[in-house]
Amino acid sequence: MIFPAMPVNEIERLKSLYMMDLLDKTDDERFDRLTRTAKTTFDVPIAVISLLDRDRQWLLSRSGVDTCETPRNLSFCAHAILEEGVFIVKDTLADPRFVDNPFVTGEPWVRFYAGCPVHLPDGAIAGTICIIDTYPRPFSSAEINTLLDFAAIVEDEFLILSMAMSDSLTGMPNSRGFYRTGEKRFAWFKEHKKDFSLLYFSIDNLKAINELLGNREGDLVVKTFANNLTKCITEQDIAARLGGGEFAVLLGNAVQNGVDAFLFDLQSRMDAIDHLSGKNYHINYSHGIIENGGSKYNTLRDMLEDCDKVMYAEKRRR
């Protein structure tokens, strides 16, 4: 058996996947409808929509198989995401990459596989839609095109989900996206007693810029701040635009030095922007911080409300 390689953009790919918050989700009818239809269309016993996490394959939707996840290094889909178009294995027993794979020599007895990569709205590959048979078989050009059509429908559904959770101006998660992903991360931090911090930001002079220079200039300020904020976060962090000139960042494993380093990085980037932009104004912002509030707060929403108050209290003291 030959283990699959990692994509060259694996870190960025995982970050995009985590922001969509699709892992550990099941029983979504929009995706289950597709795998049921694919199973019938291709007359196969198994059809799956898979997501490739760091060390596992999560089955977002499956028809004909009960398991929800498998090791990534044993998955056919981990090979498929490295290819352009449809990845086909007509007979696993004739392919050295899979001949002794446990899923070939044991249940579900894979002898045929065809999988097509599916992309997130930002272009990152999330996983595949694939079909599996227990007998070797050919796969015609018409069938290839049909599987490509199924993949396009999956991508359309990803786009719809992303639009509901994304801010149209900056491309960051909006408040709905922040709470959907952040509450899950918040609960995990609490359960595993991990250090984390919440930061709340507000662009102080956005209203004045909008009034004096117009909304187009104000939008540019918001996008500039959002872009630099996004550059400061890691894959375990979540940043979102809550509305107007207000933003939130959930920092994972962030003790004081981590928060200080984040704030220094952000300020350095903003200073560089001010220096190079040639504008006759600076982008001024305030922030509030609550560190490791897991023992005090039951939800991320409660923690964010207090963080908002901390930020405005700090602003009044200045």
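These are my notebook entries on a few places that I looked up in this structure.

**Ground rules.** I am working from a predicted model, in which local features need pLDDT of at least 70 and side-chain atom pairs count only at pLDDT 80 or more, while totals for chains, interfaces and linings use all residues. Residues are numbered from 1 along each chain as its sequence is written, and side-chain values use heavy atoms, with hydrogens and water left out.

**Strand 1.** I began with strand 1, which covers residues 46-52; helices (H or I, at least four residues) and strands (E, at least two) are DSSP runs, numbered from the N terminus. I found 7 of its 7 residues buried, where buried means under 20% relative accessible area, exposed over 50% and partly exposed in between, with a 1.4 Å probe and protein chains only. In a regular strand the side chains alternate between the two faces of the sheet.

I then looked up the pairing, for which DSSP must find at least two bridges between two strands. Strand 1 runs antiparallel to strand 6 (residues 125-133) and is joined to it by 6 bridges, and in that strand Ile132 is the bridge partner of Ile46. Strand 2 (residues 56-63) is also antiparallel to strand 1, again with 6 bridges, and there Ala47 has Ser63 as its bridge partner. A hairpin of 3 residues leads from strand 1 to strand 2.

**Thr41.** Next I turned to Thr41, which sits in helix 2 (residues 29-42) and counts as partly exposed because its relative accessibility is 45%. Leaving aside residues up to four places away in sequence, I see Thr41 touching Thr146 and Phe150, where contact means heavy atoms within 4.5 Å. The C-alpha atoms of Thr41 and Thr146 are 9.0 Å apart, although 105 residues separate the two along the chain. I also noted that a polar atom of the Thr41 side chain lies 2.7 Å from the backbone oxygen of Thr37.

Definitions and conventions: Polar contact = N/O pair within 3.5 Å; in protein donor to acceptor, adjacent residues only side chain to side chain.
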